[in-house]
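User: Hi! I am new to this structure and would like to learn about its pockets. Could you walk me through them?

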Amino acid sequence: MIVIGLTGGIASGKSTVSGELSRQGVPIFDADQNARDAVAKGSKGLAMVVEAFGNEYLTAEGELNRPKVSELVFRDKQALKTLEGILHKIVWENAESFLKEQQEQGAKLAVLDVPLLIETGWHKQVDKVWLVAVSRQQQIERAMLRSGMTEAEVVARINAQMSLEEKRKYADVVLDNSGSLEQTLAQVQGELKKLLGDASGC
């Protein structure tokens with residue numbers, strides 16, 4: 001089984017690529033969704049976050065106060081490290097279970113969709129790194145449109161991530177998402193064909 005690590009910066013169009021892979025029948029592990037589930041109400045992860053940061057990071061309903069936590073970790077690097085330490089351990093355990101399950105089911109390909117694939121070192125655990133790339137200006141415009149954040153807020157978030165230039169050094173495949181949707185999907189389908197050719201020879 002070939003394991004693809006799919007990554008990309010904020011508003012790069014990673015979900016478009018992930019959606020197309022899923023439509024083509026490739027099993028996807030969504031690390032973002034998994035991280036959200038890891039701190040759901042009543043979860044072990046949420047208890048660990050509360051233990052680390054305090055009850056004031058809970059809502060009145062007993063759920064994680066995401067905006068408050070985001071604000072904290074964005075300005076406090078140590079708090080970010082603590083949160084990532086909690087989340088990454090839980091999410092990686094789930095990713096390993098997912099891969100084991102896919103292997104047992106005879107899947108030829110499986111995808112780990114992980115925004116911080118390279119930063120966490122998880123790129124070392126996959127066979128191929130696929131990077132979704134757009135220009136910085138497109139990233140800013142799309143993120144503003146999608147999230148309602150100001151340009152300064154988006155730029156601050158982009159600057160807090162590993163640069164696209166740095167990520168390119170780790171990528172086996174760079175999918176250019178700066179053109180039309182059709183062009184992006186054609187690239188995904190082309191790369192998929194190549195990989196399935198390789199996988200059938202395994």
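Analyst: Happy to! A pocket here is an open set of grid points with protein on both sides within 12 Å along at least five of seven lines. Please keep in mind that this is a predicted model.

User: How much space lies in the largest pocket?

Analyst: The volume is the space filled by probe spheres set on the grid points. For the largest pocket, that comes to about 1,800 Å³.

User: Which residues lining the largest pocket are the closest to its centre?

Analyst: The lining of this pocket is made up of 50 residues. Those closest to the centre are Asp32, Ser70, Pro115, Leu116 and Gln161.

User: Which element gives the largest share of the lining of the largest pocket?

Analyst: Several helices supply at least two residues each, among them α1 (14-23), α2 (31-38), α5 (77-104) and α9 (181-200). The largest share is 7 residues, and it comes from α5.

User: How many residues of the lining of the largest pocket are charged?

Analyst: Sorted by class, this lining has 22 nonpolar and 16 polar residues. The charged ones number 12.

User: Now for the second largest pocket: which element gives the largest share of its lining?

Analyst: This pocket holds about 180 Å³ of space. It is lined by 15 residues, with Gln139, Ile158, Met162, Ser163 and Leu164 nearest its centre. Two or more lining residues come from each of β4 (128-133), α6 and α8 (164-168). The largest share, 3 residues, belongs to α8.

User: How many residues in the lining of the second largest pocket are charged?

Analyst: Nonpolar residues number 6 in this lining, and polar ones also number 6. The charged residues number 3.

Methods:
Residues numbered from 1 in each chain as written. Predicted model: local features only at pLDDT ≥ 70, side-chain atom pairs only at ≥ 80, totals over all residues. Heavy atoms only, no water. 1 Å grid on protein atoms, 1.4 Å probe; cavity = no way out; pocket = protein on both sides within 12 Å on 5 of 7 lines; lining within 4 Å. Helix = DSSP H or I, 4+ residues; strand = E, 2+ residues; numbered from the N terminus. Nonpolar A, V, L, I, M, F, W, Y, C, P; charged D, E, K, R; others polar.
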